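User: I am new to this structure and would like to learn how its features are read. Could you guide me through a few of them, beginning with a sheet?

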Amino acid sequence: MTAAARPSPEPGHAWVGSPIQRLEDHALLTGQGHFVDDLHLPGMLHACFVRSPHAHARIRGIDRQRALALPGVHAVLTWADLPEAARKRVPVLLPNPAIRDPLNYWVLAKDEVVYVGDPVAMVLAESRYIAEDAEALVEVDYEVLPAVSHALEALQPAAPRAHLSVQDNLAGKLNMAYGDVAAAFDPAQGAAHVVRETYWQNRGAAHAMEPRSYLARHDPATGELTYWKAGQAPHLDRKNIIELLDWNPEKVRVIHPDVGGGFGGKTIFYSEDGAVCAAAVLTGRPVKWIEDRREHFLTATQERDQWWEIELALDDQARIRGVRLVMTHDNGAYFPWGIITPYIAVTTVPGPYVVPAMDIDLRIVHTNKSPATPVRGAGRPQGVFAMERILDKAAQQLGLDRAELRRRNLVQPEQMPYSVGFIYRDGKPVRYDSGDYPACQASALAAIDWQGFAQRKAAARAEGRLLGIALANYVEGTGLGPFEGATVRVQQTGRVSIFTGASAQGQGHKTTLAQICADQLGIAISQIDVVLADTAGISMGIGTFASRIVVNAGSSTLLAARAVRSKLLALAAHELGVAAVSMGDAGLSGAVPGLEQALELVDGSVRLRADPQRGISFAALARIAQAMPGFAFPEGVSAGLEDTQYFSPAQSTYCNGTHAVELEVDPASGGIRILRYVVAHDSGKLINPLLVEGQVQGGVAHGLGNAWLEYMHYDAQSQPLTTTFADYLLPMATDVPRVEMIHLESPSPLNPLGAKGAGEGGTIPAAAVIVSAVEDALADQVADRLHFTTSPLLPQWIVQRLHA
Amino acid sequence: MNSPAVHAAGVTPNAPDMRRVSLRVNGKPYSAEVESRTTLVDFLRHSLLLTGTHVGCEHGVCGACTILIDGRSARSCLTLAVQVEGCDITTIEGLANADGSLSILQQALSEKHGLQCGFCTPGMLTTLSEFLRDHPAPSEQQVREAISGNLCRCTGYQGIVEAALLAASRIAADRP
Ligand code: FES
Ligand code: FES
């Protein structure tokens, strides 16, 4: 980390923009966090799922008598035992007309299982140990059906079908295009070069260190259903519970306590969510289920299996004329989130480059695997991999420096705001709001000394070592709307509370939102309590994904805190007898200029600038505002020192960045040692540089795993073969280098903070840049032309290629 | 509950094998009846309600469950509670200073942003406490190797490595 952390800003500096140590840390460092599995409720039952060992099968019968005979077993539930409303499929979150068969999870399998791990029955017992004993005693009679494992094979006419109900495995298709692509590829009209290749990226789960964790409690006396979840989208969870249990919306409360990492995998409302809530209602006892790691490998949603056939046309100056591509997306068995991942993937392709024409054929394929939904990066790593790899291939073909080819094609700052040609997932045209892409690339190249590399490479070669260098660029749509709200409230104690529907999985949102509020109210963040992800705290919300929280919840916090500031000033003016000024509606109008001149907010009090001895505390003002019988509010002041805002951005904002890496490859083992890793990025205005750097460093680590370690292997029957951390390798401390960072700050004009969001940029181009650098290191080790087309690029595959 | 799903009474399988375990955790004595197959981490978390130690994989790779048994780091997911009879256990709850303030290492982790979600943190803290005790002046590479058995999906490790180095230098400066 380059930012030196501080408990509070330097004198004269604002909270926003300072590298502030987190409010979250103390509890987590002393073992006092509250994760779902830390909650123990009286009478709680423990759940364990009976899961399909087959990727595709028909359920002929379930015999649970032996399981039920085990002391301590309370119930074994199957689909037929569920409440009526829960016997339908979980709703698809983002239905899209392009999906022909929008199939989603059953709460428990009805009569067919479609991936290994599909939950068939649920055991409820006095302890997890007994539940697992009983799970082994439930006998399921399966008729095994042929399964499809590989998305390209799934499209063959003779391929088995992933679901009995579909006519073939093409779940959906979509064509998107802009510009004149035929002309772009026409040699007669100036297409001097055409470059073609097919790329593939493998899937893996998010692998937050905390597994999925759920706890539901139903109080029959009040009808209240409370659901604690290690999740990412509390209000979306609530929506599904209301629907699947046909429940009174006012009686469902979803709380996400401390969450041990998310990265996309906890955004989904899974079968098990529905089952745990239904079981609490059916048994009248609290029900807890904690996923184990093997279950995470089998059943948590995964991402990235896509095949990209891409063609690039360039003119004789190596300027891009157009891109044509056919992308095949392995969607797995279900569509919890519609087709958002492949959609983002293909619209990310143009990135920071001027691409005048594009044509995309998107094919979405059912396979018998856990569903594909966004994992950190959400389709963008694949889009960037395809584009950056094809640019590398073009540079190779044209004999041009990879950085120079890119430089010639970058969108220039004076072209901002720049419309790419596509419509983004928010229904608005993809329109880059701000940024200086050439400066960003140039700064990364300068930092890694791109020019001096040839000399370093030669010197290393003299010692028998193989060095490679590479760069990769990206643009990332972030800050997705439509909103995320925040309530700011001054309590009668004088402390300030912030409520938001946004949940946190380690990003430090409590600290970030408190910083934004602290500046407006003139208090320290230690005076602020942030309540995240409790649907009882705020009526509407969406969730944490798409690097959207700082833009949305942050802006709402800012606007609400400003409104509370106005209320504090107005009420204090009245109490302190400050000469009446026209106040307007202090509840909404933001700063009130006359009062701002007369009064100031310092350390939890409002006081007279002219006479700092005279003031009134927030606590006293809150008591007045929360009503004193018989007391009349001054004109223009409404009840309570609080305000709620649902900031809604006009459209997504766009971050950008350049990654550059220098590494060494051991040709004998295929091992990689990263010597330098540079990230130059523009995430707009940084609220807390310390936390942003943490996001970038952690994001790069995730991307490095995708680049050369993490490989989710399925056999031809779609049986997962890598289901432990000993088979599927996450990056270790010895694999991940220190990331050198350059922050460019182009404030976004689309929100009052100027923020853009920083959760995923570290991951997005990492696979592209690593694979390119390995190729660069080994280019002269083979007789033919070397071009790697996969991510991951496992060490053994490198060795195989060298000896091919 | 409807009848097919309820417990069928009258079956007597083997009674669970119960043992008594007496041990000290963070300096406090405990004694409890425990089923012999209970893992140490489940015993700590669910019987003693010391939930600071976390479970990330239950197969000995992630390191989130690392605790100290008589001062040596061990995976509490691969240890049975009955194996630590008479032992002295240290968990994350026992690492702060006696007055409740953060230890030098804990403080350094906060300053260097060495934790995000905090789920791997108990294992990082116990592993590094042992390591810094035995290696008072470590190199960066030694720190990386020391925590290579502890997976963190959030931080990319850099903040943790820097925190360990910072803590080592502060501990050295404190030493007479
Ligand atoms: S839980 Fe013990 S090593 Fe992962
Ligand atoms: S801080 Fe989340 S796993 Fe390490």
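Analyst: A definition comes first: two strands count as paired if DSSP finds at least two bridges between them. In general, strands of a sheet pair through backbone hydrogen bonds, either parallel or antiparallel. The model shown here is predicted. In chain A, three strands form an open sheet in the order E24-E25-E26, with antiparallel pairing. Its edge strands are E24 (599–602) and E26 (615–617) of chain A, each of which pairs on one side only. On average, neighbouring strands of this sheet are turned by 20 degrees against each other, direction ignored.

User: How many bridges join strand E25 of chain A to E26(A)?

Analyst: Three bridges link strand E25 (residues 605–608) of chain A with E26(A), and the two run antiparallel. For A:Val606, the bridge partner in E26(A) is A:Ile616.

User: Which helix packs on the sheet?

Analyst: Helix H15 (residues 549–576) of chain A does, touching E24, E25 and E26 of chain A. The direction of H15 makes about 120 degrees with that of E24(A).

User: Let us turn to a single residue. Does A:Thr226 count as buried or exposed?

Analyst: The cut-off for buried is under 20% relative accessible area. A:Thr226 counts as buried because its relative accessibility is 9%. This residue lies in strand E11 (residues 224–229) of chain A.

User: With which residues is A:Thr226 in contact, leaving aside its neighbours within four places in sequence?

Analyst: A:Thr226 is then in contact with A:Leu215, A:Ala216, A:Arg217, A:Arg253 and A:Ile255.

User: How is an interface between chains described?

Analyst: The size of an interface is often given as the accessible area lost when the parts come together. Here, chain B and chain A bury about 5100 Å² between them, 58% of it on carbon and sulfur atoms. In terms of residues, 59 of chain B are in contact with 68 of chain A.

User: How many salt bridges are there between chain B and chain A?

Analyst: The count is four salt bridges. One salt bridge is formed by A:Asp133 with B:Arg37, whose closest N and O atoms are 2.7 Å apart. Across the interface of chain B and chain A, 22 residue pairs are found in polar contact, both residues being at pLDDT 80 or more.

User: Which helix gives the most to the side of chain B that touches chain A?

Analyst: H2(B) gives the most, with five residues. The helices of chain B that each supply at least two residues of that side are H1 (40–47), H2 (104–111), H3 (121–134), H4 (140–146) and H5 (158–174).

Methods. Residues are numbered from 1 along each chain as its sequence is written. Chains are lettered from A and ligands numbered from 1 in the order in which they are written. This is a predicted model: local features need pLDDT of at least 70, side-chain atom pairs count only at pLDDT 80 or more; totals for chains, interfaces and linings use all residues. Side-chain values use heavy atoms; hydrogens and water are left out. Helices (H or I, at least four residues) and strands (E, at least two) are DSSP runs, numbered from the N terminus. Buried means under 20% relative accessible area, exposed over 50%, partly exposed in between (1.4 Å probe, protein chains only). Contact means heavy atoms within 4.5 Å. Axes are lines fitted to C-alpha atoms, for helices over the stretch in contact, and angles run from 0 to 180 degrees between N-to-C directions. Buried area is the accessible area (1.4 Å probe) that two parts lose on being put together, summed over both. A salt bridge is a side-chain nitrogen of Lys or Arg within 4 Å of a carboxyl oxygen of Asp or Glu. A polar contact is a pair of N or O atoms within 3.5 Å; within protein, one must be able to donate a hydrogen and the other to accept it, and residues adjacent in sequence count only if both atoms are side-chain atoms.
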